[in-house]
Amino acid sequence: MGLFSVAQPNGMNRLLLLLLLSFSLHSSGLFAQQKLRLVATVRDAATGKPIPGASLFIAETGTGARADTAGVVNLVHEPGTLTVYISSVGYFRDRQLTTLDANNKRVEYRLRPRATDLDEVDVRAIREDKNIKSVQMGQIQLRMPDLKRMPVVLGEPDIIKALSLQAGVTTAGEGAGGFNVRGGRADQNLVLLDGAPLFNTSHLLGFYTNVNSDLVQDVSLNKGAFSAQYGGRASSLLLMSTRTGNTDGWRFSGGLSPVSARVVADGPISKKLTLLVGGRIAFPNYLLQAFPAPSVKNSRAFFYDGNIKLAYTPDEKNKLSLSLYQSGDNFRFPGDTLYGWQSLVASGRWSYLIRPSLQLNVTALYSGYNLNVDGVTPGLTFRFSSFIQQREAKIDLFYTPTQRLKFQVGTNAILYRIQTGEVNPTGQNSSINPQRTRPEQGRELGLYANADWEPTPNLTISAGLRYSAFAYLGPRTVYTYADAVPISPETRQDSLLYGAGQTVQTYGGLEPRLALRWQLAKATALKASLGRTRQYVNLVSNTTAITPLDFWKLSDRYVPPQIADQLSVGVFQNLRDNAFEISVETYYKRMQNQLEYRYGANLILNPALETALVPAAGRAYGVEFSVSKNAGRLTGQVNYTYARSLIAVQTPFDELRINGGRYYPAYIDRPHTLNAQLRWALPHNWTFTTNFVYYTGVPATYPDGQYQYNGEIVQDYSQRNADRIPDYHRLDVAFSKDTRLSKSQQRYGIWTLGIYNLYAHKNPYSIYFVRANQRTEAYRLSVFGTLIPSIAYSFYF
């Protein structure tokens, strides 16, 4: 054998080689450097507030990450001295040397604000290139300070009004409660305040959002498929998080507008406990009396809301928080009816950092909404009331083994209790008879798992699966009806009695979620998402907008849960170092088990509500175009949306079909929507802001004939939603003055002077018909038929 020949290994040699290889691999793992987690908090050097979306970049390895909504960044890295660059929009970039070892895993960085960015105003994602780097699509984030400068009704900052200027988000009109997302109804939006649902989102019948923007740190609206962590609504997810109290000292802020006053205070109670408290109260009656129309002049209104948040951090691994919210409204139209509604929300959370890559959240919450309608006509005095209550407990576990791989699993349990209606006489001489429907109860359980994986820098996959199960519970009386005929009081055959806690009906199913991001170039990304959601609570209403007489109802034997499937695809392009953002998104949504109402349906205090309902299928599709300019003194955004929302009542019974069973426009269908926003930073800290809004009028049902019945002329309405109210458009302008000389100044004010509906266009809210003098006359109702000037002041110290 040659000197360099190698003998073939025998059995013993093979065993020795395997042992040697195993020891080599094992020893390399032993002697390799252990990776540690760097947990960094980024704060404003002037105010001490956390900076959401701040960037951290490590020069040695080229890795980086973004801060969450609390300004916290988590990075996994090998021990050593790191050169860390910290940056954020509106702040000077900073460079720090950080030693990462077993005893130094938590650090705090502070960024100095740029005084030249005082007038930067935008309503967009916090991160400059988030539309390219994030796997989420159809997501809108608001910068809360910018709301103070927007031209709105009577100068009151408003979250939902700001969202309605974005592509794919509409409302039923001025003075209408709720909002609609991509063809979904108002009750299909899951609105969470510190994790707890809000069943009502407006004050003054829809003129204002019922959450004080001064208390809110982060607002995020997801229009497409969202994380499997959330469920229970068929259309969208709106997350609102309140601020935590300042740890460095007490701060105060507030504001005054023509209709309301607000004040907020936050600061430390001790080194580990902080408090945030705020309230808002309205006084619009003197302004209502100034309107010439008697229907407005003789109305009376009032609202209030308040928040309290306690945050306790006993050590680095544990965080506890308690958030409380309460609001109330009273509104009286001219005549004999007083409306009142109240919300009460509480949520508590315990967060435990098990280890740097593993975190546990345990949450308990309560949300209640009550409605009261008081009739004050002499001899007919009464109180009508309804309510919905939700109690929920949930557990979430977050595991982040690497920066490119994140897992999340969790479960939740919900108990619903609903009173659809109850009326009682008030006063001694009322002739109203008491009447009530039996309260409803239901139980919902959910399990989910979600994973975010970035196999390459240009590809991100987010996949999740949720399972939800619902049980409709007794006590309940369930009516049975004859087969092969429409359900009606006349076809009722028998009734079934269920005792307290007995299961009357169950539903459930899987809800898959998938999102993909493929970065085609440095500033170009293609995204797609697909998701299914189920909804077991329904808002019963036969009007185009949320009204005080609407009530909530659970799914039961005759009302199956709403199911929505949505597919969306989008292309995102940034130009000139993220100064310009361009996006095109298209979507298709299919909806099952929508609630529609029979002609002449009786909804209030109906013990057999199923006899007034008909099943319907819905579909919505559209294309959203958006162009934003985010840099320079002149910034703004233009959105155009072409969208359709259609519904069809397809039943084997001819007499129940609406429009012959064909698809027809839903009451929220608006084919064309155009929103334009312009913000111009003027010298001396002045800012000019203007909004232009145009959208197609909502569908309406007009009479197309008349006939005579018992000697009376009766209008004939044959096709539902076959007509439309005239198109809506308006122009708003505002000037705002920031009194700061530098952004580090802590005591300052912001004055805002605005004009809503500058050219006084009389946008119709509805058109109704009255027969008089043997003629049928059409009348147009406008909520605001003129321009509305306003002045508002916000202060901070």
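Student: Is strand E15 (residues 216–222) mostly covered or mostly open, and how many of its residues are buried?
Tutor: Strand E15 is mostly covered: six of its seven residues are buried. Buried means under 20% relative accessible area, exposed means over 50%, and partly exposed is in between (1.4 Å probe, protein chains only). Strands (E, at least two residues) and helices (H or I, at least four) are DSSP runs, numbered from the N terminus.

Student: Where do these numbers come from?
Tutor: This is a predicted model, in which local features need pLDDT of at least 70 and side-chain atom pairs count only at pLDDT 80 or more, while totals for chains, interfaces and linings use all residues. Residues are numbered from 1 along each chain as its sequence is written, and side-chain values use heavy atoms, with hydrogens and water left out.

Student: Back to E15. Which strands does it pair with?
Tutor: E8 and E15 run antiparallel and are joined by four bridges. E15 also pairs with E16 in the antiparallel sense, over six bridges. Two strands count as paired if DSSP finds at least two bridges between them.

Student: Which residues face each other there?
Tutor: Ile140 has Leu221 in E15 as its bridge partner. For Val216, the bridge partner is Thr242 in E16.

Student: What holds strands together in general?
Tutor: Strands of a sheet pair through backbone hydrogen bonds, either parallel or antiparallel.

Student: What is the order of strands in the open sheet with E15?
Tutor: The order is E8-E15-E16-E11-E12, an open sheet of five strands with mixed pairing. Its edge strands are E8 (139–142) and E12 (196–197), each of which pairs on one side only.

Student: Which strands run parallel?
Tutor: Strand E11 (residues 189–193) and strand E16 (residues 236–242) run parallel, joined by five bridges. Within that pairing, Val191 has Leu238 in E16 as its bridge partner.

Student: How far is Pro197 from Thr242?
Tutor: They are 14 Å apart in space, C-alpha to C-alpha, and 45 residues apart in sequence.

Student: New topic. What does E17 do?
Tutor: Strand E17 (residues 251–256) pairs with strand E18 (residues 260–268) in the antiparallel sense over six bridges. A hairpin joins the two through three residues, and Gly255 stands opposite Arg262 in E18. E17 is also joined by four bridges to strand E50 (residues 788–796), and those two run antiparallel.

Student: Now the whole chain. How many helices and strands are there?
Tutor: The chain has five helices and 50 strands. Its radius of gyration is 29 Å, close to the 28 Å that the globule rule gives for 797 residues, so the chain is as compact as a globular protein of that length. The radius is taken over C-alpha atoms, and the rule is 2.2 Å times the number of residues to the power 0.38.

Student: What does the chain span, and how much of it is buried?
Tutor: The C-alpha trace spans about 120 × 75 × 50 Å along its principal axes. Buried residues make up 51% of the 797 residues.

Student: What about contacts across the sequence?
Tutor: Among contacts between residues at least 6 apart in sequence, 64% join residues at least 24 apart.

Definitions and conventions. Contact means heavy atoms within 4.5 Å.
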